[in-house]
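Please view the sequence and the model before reading on.

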Amino acid sequence: MIRDALGQERAGWLTLHAIAVFAFLYLPIVVLIVYSFNGDGVGGFPPRNVTFDWYRQLAQDTPLWDSVLNSLLVALAAMAISIGLGLPAALALDRVNFPGKSLFRRLVLLPLILPGIITGLSLLMLVVLIGLKLSLLTIILGHGTALISVATTEIFAGLQKAERAQEEASLDLGASYGQTFWRITLPNLKLPVIGAALLIFTLSMDEIAVSFFLIGRDNTLPLEIWSRLRRGMTPEINAISTIIFLFSLALIVLWYRLRMGNGENTADTVATATKEAA
Amino acid sequence: MGTKPIVESSAAGGGAKASPKTLLSVRSVAKRFANNIVLRDVNLDVAEGEFLSILGESGSGKTTLLRLTAGFERCDSGEIWMAGERLDPLPPYKRQVNTVFQNYALFPHLSVFDNVAFGLRVKKSPAIEVKGRVEQALAMVKMSSFANSSPAKISGGQQQRVALARALVNRPKLLLLDEPLSALDANLRRQMQMELKALQREIGIAFVFVTHDQDEAMTMSDRIALLRAGELEQVATPREIYARPATTYTAQFIGQTNLLHAHVTAGMAECAGMRWSTDEPDGPVTFSVRPESIVVATGTHGDGFVRFRAKVLSQLFQGAAELLQVETTSGYRLKVRTSSGKTEAAELELAFAAASAVSVRETQA
Amino acid sequence: MYSRAYKLAVSLPPVAWVLLFLLTPYLLLFLYSFWTVTPAQQIVHTWSLQNYIELLRVPVYLQVLWRSMRIAASVTLLSLLLGFPLAYYVSFHAGSKKDLLYLLVIIPLWVSYLVRAYAWKTILGSDGVLNTLLQYLHITHHPQGYLLYSPLAVVLTLTHIYTPFTFLPIYAALEHIPRKLVEASHDLGATPTQTFWRVIVPLSVPGLVAGATFSFVLSLGDFLAPLLVGGPSGVMISNIVVGLFGAAYNWPLGAAISACMMILVLALLFATGRLEKKWSFT
């Protein structure tokens, strides 16, 4: 910390600015949570009539919970695809010089950098070409493909840290490639894989832009909320939003603990999170 | 604690000067980090134009003392004065002190020229003056041809010169150097030591040089301040600190030595069967005898010399000298340094001058 | 060290999948843009530049694109103004609270986009929190209708959503600046303010460029916020595309707009990528 001659921090206005930005970032969320308990529903100030009604209503809202189930299904399946392909991709990037390697690298990142609408539309066109019906399956396809690079980035970083010598020792001692993979490589990648899984899960649960174009009859949670929002505000939305917020909060703390525990410094975690959380 | 460091003859270098003025005065400075007391009650004066080394092991507090002087840390207690004014309340950018950092800390986004010009430009010096002084500074460190290079493209030794130029171009009253040579390889290091010493002589600015390398301190300094566990153990010229170390720590840290734990009775010191006369008062006294003070005894070693027989345990060839480990008849082990090729015997008769046994204080733990 | 079989096993599946499910779709998008559609809603598979000509000819497309770029630029500017000083504060002035503050900044990122956009709807509406508060405090006397369903609302909402995105790469860049450089700068006589502009800002440029790029690109292509809070005056280019794939049924035209967007974005990414490299010193 840099202090001036008087020993005070010359950060008075800077601190004020920081507080203002935090207020800007959090007040809308706080408003949401507060109004989920507001008897008069949305809008109006000050909030009065504290009630759990909206939560009660929420509990009986079957279509909503169906969509939650759908979202979970999609997220888990997407996880499987992304990691199932992201893991070999990371290994390939680390160890194999295949033709078009740098093109592949850039291509696989595109879904995270381009606006979701472009990826969503492109996949829609493919789906139509193949003649596949729009359903949860197409959404799973979309999420799984788009999130491969999340898995690849995390696992690749983990590979950089791991010791190559361990694998060489295993081979030297007579284990086959397969055995080495199961006994040595995979256990070393446990943490990055779990971290990637958590991240993919959260991103999939919240994904809307790509899903928008690949949706069939069954809604995911974000799309269910979206369709209700189009019809008009209901305080129930506040309630489900609050629940989503608390749930995401728990997940992110978990993810952070995991990442920090693995010895990475804040800034590198940050750098990867930037690309991924888009 | 109560043991005061021994500060002897604060004479600065450059012999022809009359009693040199004190430039920097560190008075009763103490500093702690969390539960760690890093500096306790340090008192040190730096004379104008002198080359002072702060020598110490890691953890001794030497870097902290430097940083307090530069202004990167604040003293917990005590004061620092420079040229008659209080220095310690000032932030680093208001002090006329400049630092050469251990890893040079050159600005990667600026060229060599712009790096050196930095201090002048923040003071809004006119461009012509900046150009002139920067070119002069670069010439002084022999880096003129690299003016447009980027710091990433030059070697460690070259970066160090640029760091030096960058500091000196501002004509500070005092230059602080934080182990600037430790990242260089041995040969380059020796060369830079010579150059730095010559440069300091030429410019005449006071240098405070932090190092853990006692050879380096001995080679370059007008005076050495030995720091141990946050306190000054001894402050003296290299010759004095070597010939008359104040404590056992000093005797062992600077050069090698033999410590004789003797007992003095009525002007005679006695240890391991050896006896010599001394001015020390009665009681237990530790004496330091340098290995090169012990020689193979010949007929000329009579009065004033202590003679003894010893078994040679091992012999280490060191080029110009040989280092012998010997054991006296009473089992006392000593180190002896002789010039090479003199001895091949298993047992020797050795001698040392009583005057070369210097009494030292036991270092408090 | 790795056998041919191993190398094949790890590289073939992902590459094949990505070629099939990423490259092909993006290429299809391009292809579609050269086709046309009949009034009977049949896709005509003959190559033509008709769609692109249409985009240039009919003013509304360029107008909306221009508006979208202005909105995206506003969001980017605001995100930088909010995010940069914040990142500087957390990196250089937060001391022991640094990790906690960093976490606090990225938590909103992980809260659903919809939730956050919806919150602004609640706040900005005529019956919303802000209006009722202002009336309660007697600052205004009737609801300010322009707050919601306007480009302003879109900018506010998108700024709220993308400021943490902008913060992240800036923070990473600031963290990479060796603290010794700051000390060296002070040592040479530069005040903290001078140090900020001469040392810290130049070395944060890659982070600033990355953050700005994220904000701009993602805002430009956003269609959800405009639908929620934009109203008719806040329609953005992606909304037109959505319409063309929905009620207005003209997939080729929609594909053409998307293709343009894609080229624009890729060109921007390429340019900023070069800029980042040029300003990378740490």
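The model is predicted: local features need pLDDT of at least 70, side-chain atom pairs count only at pLDDT 80 or more, and totals for chains, interfaces and linings use all residues. Residues are numbered from 1 along each chain as its sequence is written, while chains are lettered from A and ligands numbered from 1 in the order in which they are written.

Two residues are in contact if their C-beta atoms, placed from the backbone, lie within 7 Å. By this criterion, 83 residues of chain C touch 75 residues of chain A. Helix α1 (residues 4-33) of chain C supplies the largest share of the chain C side, 18 residues. Helices (H or I, at least four residues) and strands (E, at least two) are DSSP runs, numbered from the N terminus.

Between chains B and C, the contact takes 19 residues from chain B and 16 residues from chain C. On the chain B side, β7 (97-100) and α2 (112-122) of chain B are the elements that give two or more residues. The most comes from α2(B), with 3 residues.

Chain A is divided into domain 1 (11-51) and domain 2 (62-276); such bounds come from an automatic or database domain assignment. The contact between these domains takes 8 residues from domain 1 of chain A and 7 residues from domain 2 of chain A.

The table gives residue classes: Ala, Val, Leu, Ile, Met, Phe, Trp, Tyr, Cys and Pro count as nonpolar, Asp, Glu, Lys and Arg as charged, and the others, Gly among them, as polar.

| Chain C, touching chain A | 60 nonpolar residues | 16 polar residues | 7 charged residues |
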